[in-house]
Amino acid sequence: MDNTSELACSYAALILTDFDVAVTADKIQKLAKAANCEVEPFWPTLFARALEGQNIRDLISRIGSGVGAAPAAAGPAAAAVADSGAAKAEEAKKEEPEEESDDDMGFGLFD
């Protein structure tokens, strides 16, 4: 599968963001053309619409932090689910019985 078009649009969006230029389909297309990349016509429009109104610098800086993983519209319900999930994990740790050693069985592996 050739993903050259996607990569070209991604890099073009990053370049535009780095120079504080608005990310538009036309500008993505122009950068891809300047880099001698053939981009299918729908990719620049798709990227421009997906990134419209987004702070790309924040998206990049939050990639590994896990902050952006939960949907923002969930609100208090998601927090309650997360709290209950944490409580269940703590209960599972508390309820976990200690492992018994083989010495208690009265025989060994090579007896």
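Biologist: In this predicted model, why is Cys9 called buried?

Modeller: The relative accessibility of Cys9 is 0%, and buried means under 20%, so Cys9 counts as buried.

Biologist: And what makes Cys37 partly exposed?

Modeller: Cys37 has a relative accessible area of 27%, and since the partly exposed class lies between the 20% cut-off for buried and the 50% cut-off for exposed, Cys37 is placed in that class.

Biologist: How many disulfides does the model have, and how do you know?

Modeller: The count comes to zero disulfides. For Cys9, the nearest cysteine sulfur is that of Cys37, which lies 9.2 Å away, whereas a disulfide requires two cysteine sulfur atoms within 2.5 Å, so Cys9 is in no disulfide.

Biologist: How do you know that the span of helix H1 agrees with its number of residues?

Modeller: Helix H1 covers residues 4-18, which makes 15 residues, and at 1.5 Å a residue they should span 21 Å. The expected span uses one less than the number of residues, and because the end C-alpha atoms of H1 are 21 Å apart, the two values agree.

Biologist: Which residues of H1 are buried, and what makes you say that they line one face?

Modeller: The buried residues of H1 are Ser5, Ala8, Cys9, Ala12, Ala13, Leu16 and Thr17. When you look down the axis of H1, these buried residues fall within an arc of 165°, so they line one face of the helix. An α-helix has 3.6 residues a turn, so residues three or four places apart point the same way. The face of H1 turned away from the buried side carries the exposed residues Tyr11 and Asp18.

Biologist: What covers the buried residues of H1?

Modeller: The cover includes helix H2 (25-34), helix H3 (42-51) and helix H4 (56-61). Just after H1, Asp20 takes a positive phi of about 55°.

Biologist: What is the secondary structure of the whole protein, and how much of the protein counts as buried?

Modeller: The secondary structure comes to five helices and zero strands, and from the N terminus on the elements run α-α-α-α-α. Of the 111 residues of the protein, 15% count as buried. The protein exposes about 9,200 Å², of which carbon and sulfur atoms supply 56%. Among contacts between residues at least 6 apart in sequence, 52% join residues at least 24 apart.

Conventions. Residues numbered from 1 in each chain as written. Predicted model: local features only at pLDDT ≥ 70, side-chain atom pairs only at ≥ 80, totals over all residues. Heavy atoms only, no water. Buried < 20%, exposed > 50% of the residue type's maximum accessible area, 1.4 Å probe, protein only. Helix = DSSP H or I, 4+ residues; strand = E, 2+ residues; numbered from the N terminus. Arc of directions from axis to C-beta. Contact = heavy atoms within 4.5 Å. Areas by Shrake-Rupley, 256 points an atom, 1.4 Å probe, with all protein chains shown as cover.
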